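Here is a short briefing for a reader new to this structure. It starts with a question and then goes topic by topic.

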Amino acid sequence: MGLLEGKGDVKTLVGTLNFKQKVDRSLQLIKEAYEKYGDSLVVANSLGKDSVAVWHLAKQVSPKIRGFIVTTRFKPKETIDFMNQEVARYPELKIFKNDTSIPDELYKTDPDRCCDILKVEPVKRAVYEMKVNCWVTGLRCTEGRTRTDYQEVEERDEGLLKLNPILIWQEREVWQYLALYEIKVNPLYKEGYRSLGCAPCTKITSEDNERAGRWIGTSKCGGECGIHTRPLRKNMDGDGI
Ligand code: SF4
């Protein structure tokens, strides 16, 4: 039985596999999925450190693997510049953005709605337009309180496999991988950010929780934008969300 079919105990794997074993496992997961899904396997690239590590892993499996980036009007300039550099280097990375009009400061009054419009909708569009049957993410189970219960292989939407190949990596192991392969990262990490998002909703903190700086002061604090929790194959003909 391959890794795609098996269900490892995530919490045990985090603590028992060493760095090399984790890298090999991640490569094997992507390899098996690519053999099964071919061109309908697509990497979601958020331009954060975890995503660029996954993107590098996927490129080792096949340079032909495609990806998508979801950006918003509120992304910091550094992230936009980094995105443009990545897309220039990898034209197979496609950008999705929702430019629809929204109320001023919706990120303060209703951040869930803001993320639904600006982040979840473009992901749905990417899945639809790129004919994705397997999307690959940089999710890790040690990132924060909302990420502890995921599996390496999931099917939250029927017929849409979600692969989380570095789910069991620790933050340190991501940096270890990026350093060893000399992979360029978003310059905002130099400023002290540990989790990157839109400018109004992302702060530098010194808390243990990696995602503690996200949506501070709202009900969403340390939480999720919704792409990992919302259905991604529904309502394409409805309100777009
Ligand atoms: S992170 Fe903030 S600004 Fe960005 S889409 Fe979500 S609520 Fe809106």
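Which side chain is joined to that of Asn186 by a polar contact of 3.0 Å? The partner is the side chain of Thr79. A polar contact is a pair of N or O atoms within 3.5 Å; within protein, one must be able to donate a hydrogen and the other to accept it, and residues adjacent in sequence count only if both atoms are side-chain atoms.

This is a predicted model, in which local features need pLDDT of at least 70 and side-chain atom pairs count only at pLDDT 80 or more, while totals for chains, interfaces and linings use all residues. Residues are numbered from 1 along each chain as its sequence is written, and side-chain values use heavy atoms, with hydrogens and water left out.

**Around the ligand**

- The shell around the ligand has 10 residues, and Phe74, Cys114, Cys115, Cys198 and Cys201 come nearest. A residue is near a molecule if one of its heavy atoms lies within 4 Å of it.
- Helix H6 (residues 111-129) gives the largest share of this shell, five residues. Helices (H or I, at least four residues) and strands (E, at least two) are DSSP runs, numbered from the N terminus.
- Nine residues of the shell are nonpolar, none is polar and one is charged. Ala, Val, Leu, Ile, Met, Phe, Trp, Tyr, Cys and Pro count as nonpolar, Asp, Glu, Lys and Arg as charged, and the others, Gly among them, as polar.

**Buried residues**

- Asn186 lies in the loop between H7 and H8. Asn186 counts as buried because its relative accessible area is 2%. Buried means under 20% relative accessible area, exposed over 50%, partly exposed in between (1.4 Å probe, protein chains only).
- Asn186 touches Leu47, Glu78, Thr79, Phe82 and Leu196, leaving aside residues up to four places away in sequence. Contact means heavy atoms within 4.5 Å.
- From Asn186 to Arg125 the C-alpha to C-alpha separation is 25 Å, and they are 61 residues apart in sequence.
- Asn164 is placed in the loop between strand E6 (160-163) and helix H7 (171-180). With a relative accessible area of 0%, Asn164 is buried.
- The side chains of Asn164 and Thr137 are joined by a polar contact of 2.6 Å. Beyond four places in sequence, Asn164 touches Thr137, Leu139, Tyr150, Gln151, Glu152 and Glu154.
- His228 belongs to the segment after H8. His228 is buried too, at a relative accessible area of 8%.
- Lys162 and His228 make a polar contact between their side chains (2.9 Å). Residues touched by His228 include Trp135, Arg147 and Arg156, again not counting those up to four places away in sequence.

**Positive phi angles**

- Most residues other than glycine have a negative phi.
- Glu105 is not a glycine, yet its phi is positive, about 55°. The residue is in the loop between strand E3 (93-97) and helix H5 (106-109). Glu105 is partly exposed, at 39% relative accessible area.
- Glu182 also has a positive phi, near 50°. Its place is in the loop between H7 and helix H8 (188-191). Glu182 counts as exposed because its relative accessibility is 74%.

**After H8**

- Pro231 is in the segment after H8. At 37% relative accessibility, Pro231 is partly exposed.
- Pro231 touches Lys124 and Asp157, not counting residues up to four places away in sequence.
- Pro231 and Tyr37 are 194 residues apart in sequence, and 20 Å apart in space, C-alpha to C-alpha.
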